[in-house]
Amino acid sequence: MFIVEETIAGADAVQIPKQRGESLLDTAVRYAEERHWDVVPGTWTEVVDGVHVCSCGDAACPAPGAHPAEPGWADLATGSASAARRMWQKQPGASVLLPTGRAFDAISVPETAGLLALARMERMGLTPGPVTLTPYRRTEFFVLPGAAAKLPHLLRTLGWTTTSLDLAVLGEGSFVAAPPTRVGRHGAVQWARRPTQENRWLPDAEELLPSLAYACGRDR
């Protein structure tokens with residue numbers, strides 16, 4: 001079993017986030033203040049009769065407590081720590097969403113492929129950026145913006161197509177749910193590789209894609 005805590009410890013870790021014992025408000029402020037990421041509050045969950053119910057009101061919500069709360073969410077996203085604090089003070093339980101296509105894009109692959117790719121990158125001496133592990137058994141690799149436009153060409157050079165692998169890029173207009181956001185009863189988003197001083201400068205998709213495509217091909 002993959003133990004997240006073993007991968008995120010270290011003396012060089014930036015002080016974001018303290019995944020346990022820290023409020024969503026404080027975590028959102030840290031993302032904006034220390035990493036300069038835009039943040040926006042999403043939905044939240046409420047326990048009704050012992051069941052986690054999304055604030056959106058949809059009993060069949062596919063991502064309870066972990067999606068945008070309103071259509072204009074992208075325009076509300078902010079990189080200001082003080083503005084983030086004000087937004088979460090209004091709803092302290094709101095999920096922490098990070099818009100993609102701004103400071104970073106995110107390459108999403110299955111969990112098993114992502115962990116295999118991380119091990120391969122380590123052997124090759126590559127330094128990935130932050131990587132999240134979602135309750136839906138996906139890993140999301142943070143890379144420089146623009147990955148979505150490059151993906152088809154990069155995959156073709158590696159002998160793959162965009163439909164042959166379970167690999168997708170979250171770019172402009174999308175988002176990732178950031179740790180420690182909880183997705184209803186499914187569990188919380190965690191860091192597989194947390195933000196550190198070492199990975200402050202994000203890699204280009206081209207650097208990571210060979211390992212990710214190889215791992216996804218093995219995982220098919």
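## The nonpolar cores

A nonpolar core is a set of buried Ala, Val, Leu, Ile, Met, Phe, Trp, Tyr and Cys residues joined through side-chain atoms within 4.5 Å, where buried means under 20% relative accessible area, exposed over 50%, and partly exposed in between (1.4 Å probe, protein chains only). In this predicted model, the largest such core has 25 residues, and Ile107, Val109, Phe141, Leu167 and Leu212 touch the most other members. Two or more residues each come from strand S5 (105-110), helix H5 (111-124), strand S6 (131-133), strand S7 (138-143), helix H6 (147-157) and helix H7 (205-219). Helix H7 gives the largest share, seven residues. Helices (H or I, at least four residues) and strands (E, at least two) are DSSP runs, numbered from the N terminus.

Beyond its neighbours within four places in sequence, Phe141 is in contact (heavy atoms within 4.5 Å) with residues including Ile107, Val109, Leu118, Met121, Leu208 and Leu212. A second, separate core of 23 residues includes Trp37, Trp88, Ala94 and Leu98. In soluble globular proteins, nonpolar side chains tend to be buried together.

## The annotated domain

An unreviewed UniProt entry annotates residues 28-209 as "domain: DNA primase/polymerase bifunctional N-terminal"; such annotations may be inferred rather than shown by experiment, and positions follow the numbering used here, with feature names shortened. The span is 28% helix and 21% strand, and its end C-alpha atoms lie 29 Å apart.

## Backbone details to look at

Most residues other than glycine have a negative phi, and most peptide bonds are trans. Here are some exceptions. The peptide bond from Pro179 to Pro180 is cis, with omega near 5°; Pro180 sits in the loop between strand S9 (175-177) and strand S10 (190-193).

Asp49 has a positive phi, near 55°, and lies in the loop between strand S2 (45-48) and strand S3 (51-54). Its relative accessibility is 78%, so Asp49 counts as exposed. Arg137, in the loop between S6 and S7, also is not a glycine and has a positive phi of about 60°. Arg137 counts as exposed because its relative accessibility is 53%.

The average pLDDT (the predictor's confidence in each residue, from 0 to 100) is 89 for the chain, and 90% of the residues score at least 70. Residues 1-17 have a pLDDT below 50, though this stretch has 42 contacts in the model beyond near neighbours in sequence. Where pLDDT is low, the predicted coordinates should not be read in detail.

Residues are numbered from 1 along each chain as its sequence is written, and side-chain values use heavy atoms, leaving out hydrogens and water. As this is a predicted model, local features need pLDDT of at least 70 and side-chain atom pairs count only at pLDDT 80 or more, while totals for chains, interfaces and linings use all residues.
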